[in-house]
Protein chains: 2
Amino acid sequence: MASEGTARTFPVRRLEAFIASALVALGLTEQDAAICATRMVEADLRGVDTHGIFRLPHYSQRIRANGINLRPTVRTIRENAVTALVDGDNAMGHVVMTYATQLAIKKAAESGLAWVGTRNGNHAGAGAVYSSMPLAQDMIGMYMTVANGNHMAPWGGVELILGTNPISFAVPAGTEPPVVLDIATTVTSYGKVKLAAQKGESIPVGWMIDRHGQPLTDPKRSSEGFLLPIGGYKGYGLNVIIGMLAGVLNGGAFGRNVVDFNKDLGARNNSGHMILAMRVDNFQSVESFKQEMDRSIREIRESKRMETVDRIWLPGEIEYYRMRDRLEHGVPLAPAVVASLQGLAAELKLADRLD
Amino acid sequence: MASEGTARTFPVRRLEAFIASALVALGLTEQDAAICATRMVEADLRGVDTHGIFRLPHYSQRIRANGINLRPTVRTIRENAVTALVDGDNAMGHVVMTYATQLAIKKAAESGLAWVGTRNGNHAGAGAVYSSMPLAQDMIGMYMTVANGNHMAPWGGVELILGTNPISFAVPAGTEPPVVLDIATTVTSYGKVKLAAQKGESIPVGWMIDRHGQPLTDPKRSSEGFLLPIGGYKGYGLNVIIGMLAGVLNGGAFGRNVVDFNKDLGARNNSGHMILAMRVDNFQSVESFKQEMDRSIREIRESKRMETVDRIWLPGEIEYYRMRDRLEHGVPLAPAVVASLQGLAAELKLADRLD
């Protein structure tokens with residue numbers, strides 16, 4: 001999104017304050033608004049521009065359509081030393097997942113390992129934001145969620161009953177950036193297809209197929225087809241597993257009972273997520289693990305490249321350097337995003353209109 | 001492999017006895033030989049014909065080259081209630097992973113969840129064999145391993161320092177078959193490329209690229225290129241994460257220190273694996289979970305199909321029915337596999353020559 005027109009750059013604190021004030025104006029508590037603001041800007045810092053402040057107008061629509069519980073009681077409804085099931089009470093997804101991730105980290109700090117599932121939540125932004133939270137405690141993170149809309153069919157099927165169901169992992173390193181993966185199980189996102197349609201461009205073979213299994217390359221015909229999973233039947237299988245572990249296991253939506261959060265603003269999403277946290281010192285000292293991670297990272301980065309390639313990147317490395325850059329220099333927002341936020345600010349009569 | 005010529009079919013018990021007697025003749029204890037036989041035939045039952053008895057002649061070569069410790073002490077070297085690090089003492093991989101998986105199941109039965117890592121192991125056959133072991137206790141299984149040979153380059157790289165690093169999940173269901181995924185993170189296996197070369201066939205675009213990033217479709221040129229990961233950079237990232245969680249975390253081989261177990265028969269592999277087991281009743285009753293799984297499975301299976309598609313399969317469903325069929329009717333082995341086993345039987349002077 002940030003590639004269109006000349007971006008304006010905003011300091012992190014200003015965006016956080018803007019989001020928090022908008023969400024308070026919409027009725028959230030100051031505490032919940034602050035949590036959402038932090039998590040959303042963390043997505044922007046990583047460069048996941050589609051999952052940060054860009055979503056605020058949409059979240060605002062859902063809140064005004066009574067799609068979100070503004071006074072939720074997020075609570076643990078089943079629990080032992082190493083697992084928990086959290087009911088999000090239809091709170092903002094960021095609030096539910098922050099609660100769940102902090103709980104997983106607390107349990108893993110005490111026991112070495114924890115798996116926390118959530119149901120009755122909502123879209124929580126970028127998966128890497130949550131899988132990365134355990135890193136500061138020298139823990140590994142794993143995160144999965146059921147996407148809030150179905151744009152994929154089962155392998156061999158034509159009904160849109162599967163989403164982009166993403167999976168994310170974060171592994172700490174020493175002086176090197178942590179290794180952080182955050183991938184949808186589809187080859188691309190539906191957002192990228194819509195963007196190509198807006199620009200009048202065609203999409204590559206391998207992104208979508210039509211109902212006869214033929215490649216679909218005209219994004220204007222996207223409603224006639226569906227996104228393809230990574231690796232064909234392999235990505236389909238991984239997608240279904242994620243749906244079962246983040247959705248079915250927690251009593252969250254998966255399959256036909258997923259609500260398309262763009263089409264139906266007021267319906268309860270019952271979005272399901274899972275987060276795992278595990279201490280690396282279960283297996284070896286933190287110091288030796290980090291040394292080995294650094295060695296392994298450098299081995300990959302410094303291995304021989306294709307002639308046309310300047311650098312081999314580890315998963316999450318580009319996002320890491322972008323985060324450092326944006327923390328220092330601010331977050332660039334595309335003119336269309338700024339305009340949409342300014343519109344929201346005017347509607348909500350916020351002090352900061354992002355002028 | 002089983003697709004060439006007319007297969008002969010053997011009862012499960014006969015193949016197990018054959019493998020066990022061969023491994024005892026090669027110097028394994030009766031107990032370890034029996035474990036390997038069971039795990040190998042389980043792969044054959046599922047139809048993972050490349051990871052079962054087919055491998056016995058190769059394992060035999062490794063044993064005779066002193067590549068395997070025949071009197072190992074597989075032991076837990078770090079441990080708490082929910083995690084363990086197992087040193088395989090260079091035992092047969094099946095022995096190490098059976099020990100590790102049983103340990104994970106025991107810990108998960110007591111605590112709800114467990115993650116066991118192994119190092120100093122060897123090739124253990126099919127991943128689904130281990131991820132599926134927790135199913136009988138109404139547990140979810142997750143398994144990862146670092147492959148025993150590098151046929152992939154980092155994304156943008158040309159050096160073969162990554163393997164097919166597979167990941168496997170198993171989720172219990174009720175009256176429906178469990179959902180079991182077992183996928184390499186490469187689009188295809190190096191074995192399939194070699195098979196196409198033998199047959200004089202070309203391979204599809206998307207399986208391999210050459211050192212300039214161009215599609216490689218002549219399998220006879222396979223040494224000039226490398227396997228592609230599923231979903232491009234996404235599969236590369238998942239591959240690296242698996243290497244770090246199954247390899248680096250456990251002190252197992254990953255990257256340049258992976259031994260190609262086909263080329264170097266005598267070298268210690270230091271193969272790393274991980275297995276997670278988790279009780280589903282951490283989150284809801286076993287009964288309600290299984291009901292929801294069955295409902296979700298049927299929803300996917302019964303969703304609308306492409307005109308040319310007879311049935312939508314869930315992950316692991318084909319393998320489940322094949323297992324039932326082979327348990328009843330025996331395991332078909334291709335003539336070349338039978339011949340190679342007969343050769344081994346003659347060398348080892350086994351009572352059963354598979355005549």
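Predicted model: local features only at pLDDT ≥ 70, side-chain atom pairs only at ≥ 80, totals over all residues.
Residues are numbered from 1 along each chain as its sequence is written, chains are lettered from A in the order in which they are written, and side-chain values use heavy atoms, with hydrogens and water left out. For the complex, the predictor gives an ipTM of 0.97 and a pTM of 0.97.

Contact (heavy atoms within 4.5 Å) joins 81 residues of chain A to 81 residues of chain B. The two chains bury about 6500 Å² between them, 69% of it on carbon and sulfur atoms; buried area is the accessible area (1.4 Å probe) that two parts lose on being put together, summed over both. A:Lys234, A:Phe283 and A:Met306 supply 12% of the area that chain A buries against chain B, more than any other three residues.

On the side of chain A that touches chain B there are 46 nonpolar residues (Ala, Val, Leu, Ile, Met, Phe, Trp, Tyr, Cys and Pro), 22 polar and 13 charged (Asp, Glu, Lys and Arg), with the others, Gly among them, counted as polar.

Superposed by least squares on the C-alpha atoms of residues with pLDDT of at least 70 in both, chain A can be laid on chain B with an RMSD of 0.0 Å by a turn of 180 degrees and a shift of 0.0 Å along the axis. The two copies are thus related as by a two-fold rotation axis. They meet through the same surface, because 100% of the interface residues of chain A are also interface residues in chain B.

Over all chains the count comes to 39 salt bridges. In one of them, the side chains of B:Arg14 and B:Asp352 meet at 2.9 Å, N to O.

Notes: Salt bridge = Lys/Arg side-chain N within 4 Å of Asp/Glu carboxyl O.
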